[in-house]
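Take a look at the protein and its ligand.

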Amino acid sequence: MKYEISITKNPNPKAKPDPATLDFGTVFTDHMFIMDYDTGIGWHDPRIVPYAPIALDPAAAVLHYAQEMFEGLKTYMTEDGGIRLFRPDMNAKRKNRTNDRLCIPLIDEDFYVEAIKALVEVDQDWVPNAPGTSLYIRPFIIATEAFLGVRPANSYKFIIILSPVGAYYKGGLAPTKIFVEDEYIRAAQGSTGAAKVGGNYAASLKSQVKAHEMGFTQVLWLDGNERKYVEEIGTSNAFFVIGGEVFTAPLAGTILPGITRDSVIQLLKDWGIPVREERFTVEDVFRAQEDGRLTEVFASGTAAVISPVGELRWKDQDVIIGENQIGALSQKLYDTITGIQSGKLPDTHNWTVKL
Ligand SMILES: *Cc1c(COP(=O)(O)O)cnc(C)c1O
C-alpha cells in the first residue's frame with residue numbers, strides 16, 4: 001500500500017503539561033491521525049489533523065453493536081534525545097488479528113507503523129523526557145456506517161491519538177493486592193478473549209468495581225469453563241514463579257497475546273530460566289504457596305511494564321507473596337525492559353525502532 005499522509009497543522013497548539021503531574025490517559029496532544037474505509041474504495045484519505053471531537057451519526061454501528069478494536073503501545077525519549085517505539089511490528093500484526101476476529105478490514109502492517117511514526121513526528125515535542133514517562137499511542141478503529149442491522153459495517157474510521165503519560169510507579173515498583181475472581185469471567189473458549197476489543201473491557205467493569213470496593217487493586221481472571229485455570233490479571237498477563245520455574249497461561253484463545261508477555265518470556269529464556277506456558281490452576285498456586293515454592297507473582301503489560309503482586313485472595317484464603325516485597329525477578333525484568341526502551345541497555349533483540 002502506498003499512501004500520502006496529508007498534514008494539517010494545529011493553529012492553536014496547547015501548553016505542554018508539567019511532567020510531574022502526568023497520570024495515565026487524561027491529556028492528549030495537538031494532532032490525531034484519521035483514515036476512512038468504505039466498501040468498494042478500501043482504506044483512503046489518511047490525514048493528520050488538529051486533535052478535535054469527531055462527528056458520528058447516532059446510528060453508527062459502533063454505538064450499537066460495539067464493532068470496535070484498539071491497540072496500545074508507547075514511544076520513549078532516549079537519553080540522547082532520540083525517540084523510539086517498542087516492537088511496533090508485533091503490534092501491527094496483533095491489530096490485524098483483532099481486525100480479522102471482528103470482521104474489520106485489515107490495514108497494511110507497514111503502513112500502520114508509518115502512520116504511527118508520522119503522527120509521533122508531528123507531535124514529537126510532546127514526548128516527555130522525565131524518568132519513567134512516555135508518550136502512549138492509542139490506535140483504534142470504529143464502525144461508522146449508519147445502520148441498525150447486525151452485520152459487518154461498510155464504513156470505518158481508523159484513528160490514532162497520543163497521550164503523554166507519567167511514571168506508573170511514582171516511588172519505584174509497588175506490590176499490588178489481587179482478588180481471584182470466581183464469579184464473573186473475562187473470556188471463554190471461542191470468544192474474543194485474544195482480541196483487543198472494547199466490548200471485553202465493558203464486560204469486565206463489574207468485576208473491577210467489586211474488587212475495588214473490597215480494597216483490591218485488580219482481579220485475577222480464571223478460565224470461563226471451570227473457573228479453575230489461571231488466565232490474566234486485570235488487563236495484563238500473569239506470571240507465577242514456582243520452584244524456580246516461571247509459569248504463565250498459554251496463548252490458547254482466551255488470553256491476550258501481550259507484547260510485554262512475549263518480551264518477558266524471551267528475556268527469561270536468555271537468562272536460562274525455565275518458562276512453562278501451560279495451563280495451571282489457582283489451586284496449584286495456593287498449594288505452591290503452602291509448600292514455600294511460590295516466590296513471586298507479577299503482571300506484564302505496556303502501561304506498567306511489570307507489576308508485582310504482594311497479596312492474593314481466593315475465596316476466603318489470603319496469601320502474602322514474598323513478604324509483600326518486590327521480587328528479584330520482577331525487578332530485573334522491569335529494569336531490563338525499561339532499560340531497553342529508554343536506550344540505557346543494549347537492545348540485543350532489536351525491539352526498538354527509531355523514529
Ligand atoms: C493489552 C492487554 C495486555 C497486555 O498486552 P501488552 O501488549 O503487553 O500491552 C494483556 N491483557 C489484556 C486483556 C490486554 O488488553
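This report covers the ligand site and then the cavities of a predicted model.

The ligand sits in the largest pocket. The elements that give two or more residues to the shell around the ligand are strand β12 (236–242) and helix α6 (259–270).

In total, 14 residues surround the ligand. Lys196, Tyr201, Glu232, Thr260 and Thr302 are the closest. By class, the shell has three nonpolar, seven polar and four charged residues.

## Polar contacts and burial

Glu232 places one 2.5 Å from a nitrogen atom of the ligand. Thr302 has one 2.6 Å from an oxygen atom of the ligand. For Lys196, the distance to a ligand oxygen atom is 2.7 Å.

How much of the ligand does the protein bury? Taken alone, the ligand exposes 380 Å², and the protein buries 96% of that.

## The cavities

The structure holds two cavities of 30 Å³ or more. The largest cavity contains about 100 Å³ of space. Its lining is made up of 13 residues. Phe86, Ile259, Thr260, Thr302 and Gln341 are the closest to its centre.

Which element gives the most to this lining? Strand β5 does, with three residues. Both β5 (73–77) and α6 supply at least two residues. The lining divides into five nonpolar, six polar and two charged residues.

Definitions and conventions. Residues are numbered from 1 along each chain as its sequence is written. This is a predicted model: local features need pLDDT of at least 70, side-chain atom pairs count only at pLDDT 80 or more; totals for chains, interfaces and linings use all residues. Side-chain values use heavy atoms; hydrogens and water are left out. A residue is near a molecule or strand if one of its heavy atoms lies within 4 Å of it. A polar contact is a pair of N or O atoms within 3.5 Å; within protein, one must be able to donate a hydrogen and the other to accept it, and residues adjacent in sequence count only if both atoms are side-chain atoms. Accessible areas come from the Shrake-Rupley method with a 1.4 Å probe; for residues, only the protein chains shown count as cover. On a 1 Å grid over the protein atoms alone, a cavity is a set of points where a 1.4 Å probe fits but cannot get out, and a pocket is an open set with protein on both sides within 12 Å along at least five of seven lines; lining residues have an atom within 4 Å of a point. A molecule sits in a cavity or pocket if more than half of its atoms lie within 2 Å of its grid points. Helices (H or I, at least four residues) and strands (E, at least two) are DSSP runs, numbered from the N terminus. Ala, Val, Leu, Ile, Met, Phe, Trp, Tyr, Cys and Pro count as nonpolar, Asp, Glu, Lys and Arg as charged, and the others, Gly among them, as polar. Grid points are joined across faces, edges and corners, and a volume is the space filled by probe spheres set on the points.
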